[in-house]
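Here is my note on the model you asked me to look over.

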Amino acid sequence: MDETKVLDLLNKVKVLQEKAYVPYSNFRVAAIVGLKDNKETLGVNIENAAFPATICAERTALAQAITLGYKKDDVDFLFLITDSKSLGSPCGVCRQFMVETMPLDAKVYMSNCNTKELKDIKIVTVADLLPFAFMCESLKGNEK
Ligand SMILES: [Zn+2]
């Protein structure tokens, strides 16, 4: 992805971050999922007084892609921003969700409240985030 597009995404995800529903933590997260047909789905974290009902921005955006009929191989990248002063990478639940809904070689762009330029954005793959992932194939093996 060229630098201009990455910086455009950074600006867009920062605006999106304001839509997070975070009355308990005030920790805003936003994600943009880029699809191979150049469309995008958007997600913010949405908290709930019953805390397990809270959903992260990454899963919100990926669930939207699936709901619209996109498949795993249609996903090109995920661009993430958090209020963290450090890296602010996806949580464990989202990593597990990502290995099942994104190609393992799809890029994940991670930014935070200090990100101003390209060099501040950490870029990894889905596989980097969850080595030795438990996947669909992992459920097979004991059937006769
Ligand atoms: Zn998460």
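1. Leaving aside its neighbours within four places in sequence, Cys94 is in contact with Cys56, Glu58 and Arg59, where contact means heavy atoms within 4.5 Å. Cys94 is found in helix H3, helices being DSSP runs of H or I with at least four residues, strands DSSP runs of E with at least two, and both being numbered from the N terminus. Cys94 counts as buried because its relative accessibility is 0%; buried means under 20% relative accessible area, exposed over 50%, and partly exposed in between, with a 1.4 Å probe and protein chains only.

2. Before going on, please keep in mind that this is a predicted model, in which local features need pLDDT of at least 70 and side-chain atom pairs count only at pLDDT 80 or more, while totals for chains, interfaces and linings use all residues. Residues are numbered from 1 along each chain as its sequence is written, and side-chain values use heavy atoms, with hydrogens and water left out.

3. Which residues are the protein donors of the zinc ion? They are Cys56 (SG), Cys91 (SG) and Cys94 (SG), lying 2.3 Å from the ion, and along the chain the donors follow the spacing C-x34-C-x2-C. Cys56 lies in the loop between E2 and H2 and Cys94 in helix H3, so the pair ties together parts that are 38 residues apart in sequence. Donors here are N, O and S atoms within 2.8 Å of the metal (3.2 Å for Na, K and Ca), and since water is not among the atoms, sites may look incomplete.

4. Cys56 is buried, as is Cys94. Leaving aside neighbours within four places in sequence, Cys56 is in contact with Val44, Asn45, Cys91 and Cys94.

5. An unreviewed UniProt entry places the feature "binding site" at Cys56, Cys91 and Cys94. These residues span 39 residues in sequence, yet no two of their C-alpha atoms are more than 8.5 Å apart, so they gather at one spot. UniProt positions are given in the numbering used here, feature names are shortened, and annotations may be inferred rather than shown by experiment.

6. In the largest nonpolar core, which has 25 residues, those touching the most other members are Val33, Leu78, Met98, Met102, Val108 and Val126. Such a core is a set of buried Ala, Val, Leu, Ile, Met, Phe, Trp, Tyr and Cys residues joined through side-chain atoms within 4.5 Å. At least two residues of this core come from each of E1, helix H2 (57-67), strand E3 (75-82), helix H3 (92-101), strand E4 (107-111) and helix H4 (126-129). Another core lies apart from it, with 15 residues, among them Leu9, Leu10, Ile32 and Val44.

7. Leaving aside neighbours within four places in sequence, the contacts of Leu78 include Ala31, Ile32, Val33, Met98, Met102 and Val108.

8. Two backbone values deserve a look. Most residues other than glycine have a negative phi. Asn26, which is not a glycine, has a positive phi of about 55 degrees; Asn26 lies in the loop between helix H1 (3-17) and strand E1 (29-35) and counts as exposed because its relative accessibility is 53%. Asn38, in the loop between E1 and strand E2 (40-44), has a positive phi near 70 degrees, and Asn38 is exposed, with a relative accessible area of 67%.
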